[in-house]
Each structure stands twice: as C-alpha cells, then as structure tokens.
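Hello! Here are a few notes to read alongside the model. Keep the structure open and look up each residue as you go.

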Amino acid sequence: MPTVKLKPKHRPFCFSVNGHVKMLRLALTVTSMTLFIIAQAPEPYIVVTGFEVTVTFFFIVLYILRLDQLINCIFWPLLDIINSVVTAVFMIVISVLALIPETTTYIVLGGVFGLVASVLSIADGALIYRKLLFNPSGPYQKSAVHDKL
C-alpha cells in the first residue's frame with residue numbers, strides 16, 4: 001500500500017509574525033499620514049507617507065494572495081528588505097523634520113507615529129533577513145563543518 005505524503009499545512013500570512021509586523025507598520029504609517037493631512041503639513045510629509053502606505057499595502061496583498069510564489073522571476077524577499085530599509089530611512093527623515101519645529105500637535109503626533117513605523121520597518125526587514133538566513137534558496141547553501149568529513 002503506497003504511503004501518502006501529506007503536504008505541510010501552510011500558515012497564512014495574516015497569522016504570521018511577519019504579517020502582524022507588516023500590518024502594524026501599515027496602520028502606523030496610515031495614522032501618520034492622516035495626522036499630517038489633518039494638520040495641513042508640508043506636502044513632502046504627506047507624499048512620502050502616502051508612498052510608503054501604497055508600497056506596504058502592495059506587499060501585504062502580494063503575500064496574502066501568494067503571488068510571490070506565482071511570480072517567481074523576482075526575488076521578493078530581497079525586494080522586501082530593500083523596501084524596509086528605504087522606508088526606514090525616509091520615515092526617520094520625515095519624522096525628525098516633523099518633530100524639530102513643533103508647529104502643531106498633529107504634526108508632532110504624525111512624527112512620533114512615523115518614528116514608531118520606522119522602527120517597525122527595521123524590525124520587518126530584520127525578520128525577513130533572518131528568514132532568508134534560515135531558508136537559503138539557490139546554489140549556495142551553508143553546511144556544517146562535520147558534514148564535510
């Protein structure tokens with residue numbers, strides 16, 4: 001009687017740690033953008049946070065619909081790490097610029113939420129990088145020293 005190998009159950013993106021971090025990052029960036037819009041902050045603050053909201057939402061939809069496995073000509077984890085680093089840099093710059101003059105309470109709150117979103121962006125990039133180290137794909141894979149003997 002042939003044995004049937006059961007496929008390991010896939011854990012949905014929404015219930016993973018990476019999914020929670022990415023959705024929390026999206027919520028904080030949307031909050032920051034909303035506060036900048038309410039306070040009528042300078043346009044670059046709104047544009048940069050709006051761009052980050054759009055790109056983060058794109059990655060969430062990509063991972064929820066499993067399009068990263070369907071479109072395999074692009075190395076999505078590397079693109080996600082680059083996005084996390086760029087997001088962190090832009091959000092830190094925008095948040096510090098929003099916090100320096102202390103014009104209105106809403107702009108200061110938007111800057112604080114932006115700083116927290118940038119910390120989550122760094123954490124998101126670190127989680128993806130850690131996942132890449134434990135699951136290398138490609139021709140080079142690390143092996144233990146005792147395996148070579």
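1. Where is the place of Ala 41? Ala 41 sits in the loop between α1 (17-38) and α2 (43-64). Helices here are DSSP runs of H or I with at least four residues, and strands are runs of E with at least two, numbered from the N terminus.

2. A word on the source: this is a predicted model, in which local features need pLDDT of at least 70 and side-chain atom pairs count only at pLDDT 80 or more, while totals for chains, interfaces and linings use all residues. Residues are numbered from 1 along each chain as its sequence is written, and side-chain values use heavy atoms, with hydrogens and water left out.

3. Is Ala 41 buried or exposed? Ala 41 is buried, because its relative accessible area is 8%; buried means under 20%, exposed over 50% and partly exposed in between, with a 1.4 Å probe and protein chains only. Leaving aside neighbours within four places in sequence, Ala 41 is in contact with Phe 36, Ile 46 and Ile 107 (contact means heavy atoms within 4.5 Å). The C-alpha atoms of Ala 41 and Thr 103 are 9.1 Å apart, although 62 residues separate them along the chain.

4. Next, try the helix pair α2 and α4 (residues 76-99): they pack at an angle of about 155 degrees, with axes 10 Å apart. Axes are lines fitted to C-alpha atoms, for helices over the stretch in contact, and angles run from 0 to 180 degrees between N-to-C directions. α2 and α4 are therefore roughly antiparallel; that label needs an angle over 145 degrees, while under 35 counts as roughly parallel. Residues making the contact include Tyr 45 and Phe 59 of α2, and Trp 76 and Phe 90 of α4.

5. Compare α1 and α4, which pack at about 30 degrees with axes 13 Å apart. These two helices, α1 and α4, are therefore roughly parallel. Among the α1 residues that meet α4 are Lys 22, Arg 25 and Phe 36.

6. Finally, look for the largest nonpolar core, which has ten residues, among them Phe 13, Leu 26, Val 53 and Trp 76. A nonpolar core is a set of buried Ala, Val, Leu, Ile, Met, Phe, Trp, Tyr and Cys residues joined through side-chain atoms within 4.5 Å. α1 and α2 are the elements that give two or more residues to this core, and α2 supplies the largest share, six residues. Apart from this core lies another, of seven residues, including Ala 39 and Ile 107.

How values were computed: Parallel < 35°, antiparallel > 145°, perpendicular 65-115°, else oblique.
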